[in-house]
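Trainee: Could you go through the cavities and pockets of this model with me, and then turn to the helices?

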Amino acid sequence: MEYEPQFKRLRVYNAFMGLLHLIQAAAVLVLSNDFKLPVTTSFLSFDETIGRLWPVTDVWINVPLGAMVAVFLLLSAAAHFIIASPPVFGWYVRNLKTGINYARWYEYSFSASLMIVLIAMLCGVYDLGALLMAFALTAVMNLCGLVMEVHNQTTQRTNWISYTVGCIAGVAPWVAIAIYFFGSLSQADGGVPTFVYVILPTLFVFFFSFALNMVLQYRKVGPWRDYLFGERVYILLSLIAKSALAWQVFAGTLRPV
C-alpha cells in the first residue's frame, strides 16, 4: 500500500525511535549491577507482647532495578516496531487521520505506570498495595487519554471531562511520592539518594508535558493544528522521558562499582 510522504516519514521515525529504545534497554541490561529494592507486604498479626493486633511487614520480593528500567524501554521499543510493521501500519495511519492513536495509550498505560512505580520505590515507597495503586492510577490517567480521543471523535466541541479525570488520577501518585520524599527529608537520619532530587522534578515536568501536548493539540495552537505534529511530539517526549529516567537511575544506582 502506498502512503502519503508524511506517513512514510512517520513510519521511519517510529522505527528509528524503536531502535533507540532497544539499544538503551540492551545497554542497561549489559552494564547494570544487581542493585535491588524490596517490595513489602504488611498484614495484621496478634502480638502477644503488647496484647493487640499489629502490622507485620515482610519482604515479598526484591526487584532488580536494571530489569525494571530495561522493561519500560523494551515496551516502547516493541510498540514502535509493531506500529511500523506492515500488518499494523495501515491501521495506525487510518486512526491518525481521524485524530486518535490507540497504540500510544495502551503502551503508555504499561510503560509510564512502571516508571512511576520505579520513581516511588526510589523515594521509599515499598508497600505492594501502594505500588499497585500507583501503577493503576497512572494506567487510568493514560487510558483517559484514549477515552479523550475516542469521545471527541463524535463531538462538535472538545469535551474535557476525561482529560480532567485523567489529570486527577495522574497527580495522585505524585502526591504520595512527595509525601514520602519530604517525609524522609524531615527525619534526623533520613533522606533519599542525591540523584533522586534530580529525577523528581525532571520526570514530573516530562510526565505533565504529555498533558500539555494534548491541550495544544485540541486547542490547535500553532503547528499543533496538524495532529501529526502532536504525534511526533508524543514520540519525542516518550523517548526523552524514558531515557532521562533510565540513565539517571543508572548513574545513581546501577553503574558498575
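Trainee: What volume does the largest cavity have?
Mentor: The largest cavity has a volume of about 290 Å³, where a cavity is a set of points on a 1 Å grid over the protein atoms alone at which a 1.4 Å probe fits but cannot get out. The volume is the space filled by probe spheres set on the points, which are joined across faces, edges and corners. This is a predicted model, in which local features need pLDDT of at least 70 and side-chain atom pairs count only at pLDDT 80 or more, while totals for chains, interfaces and linings use all residues. Residues are numbered from 1 along each chain as its sequence is written, and side-chain values use heavy atoms, without hydrogens and water.

Trainee: Which residues are the closest to its centre?
Mentor: Of the 22 residues that line the largest cavity (those with an atom within 4 Å of a point), the closest to its centre are Met141, Asn142, Phe207, Phe210 and Ala211. Two or more lining residues come from each of α4, α5, α6 (161–186), α7 and α8 (227–254), the helices being DSSP runs of H or I with at least four residues, and strands runs of E with at least two, numbered from the N terminus.

Trainee: And by class, what is in that lining?
Mentor: The lining of the largest cavity has 15 nonpolar, six polar and one charged residues, with Ala, Val, Leu, Ile, Met, Phe, Trp, Tyr, Cys and Pro taken as nonpolar, Asp, Glu, Lys and Arg as charged, and the others, Gly among them, as polar.

Trainee: How many cavities of 30 Å³ or more are there?
Mentor: The count comes to two, and the second largest cavity holds about 100 Å³ of space. Its lining has 13 residues, of which His80, Arg104, Glu107, Tyr108 and Ile235 are the closest to the centre. The elements giving two or more residues to this lining are α2 (65–84), α4 and α8, and by class it divides into six nonpolar, four polar and three charged residues.

Trainee: How do the residues lining the largest pocket divide by class?
Mentor: They divide into three nonpolar, six polar and three charged residues; the lining includes Asn152, Gln217, Tyr218, Lys220, Arg225 and Asp226, and the volume is about 200 Å³.

Trainee: At what angle do α5 and α7 pack?
Mentor: Helix α5 (residues 128–151) and helix α7 (residues 194–219) pack at about 10°, with their axes 12 Å apart; axes are lines fitted to C-alpha atoms over the stretch in contact, and angles run from 0 to 180 degrees between N-to-C directions. That makes α5 roughly parallel to α7, a label for angles under 35 degrees.

Trainee: Which residues meet there?
Mentor: With contact meaning heavy atoms within 4.5 Å, Thr138, Met141, Gly145, Met148 and Glu149 of α5 meet Phe207, Met214, Gln217 and Tyr218 of α7. By class, this contact has five nonpolar, three polar and one charged residues.

How values were computed: Parallel < 35°, antiparallel > 145°, perpendicular 65-115°, else oblique. 1 Å grid on protein atoms, 1.4 Å probe; cavity = no way out; pocket = protein on both sides within 12 Å on 5 of 7 lines; lining within 4 Å.
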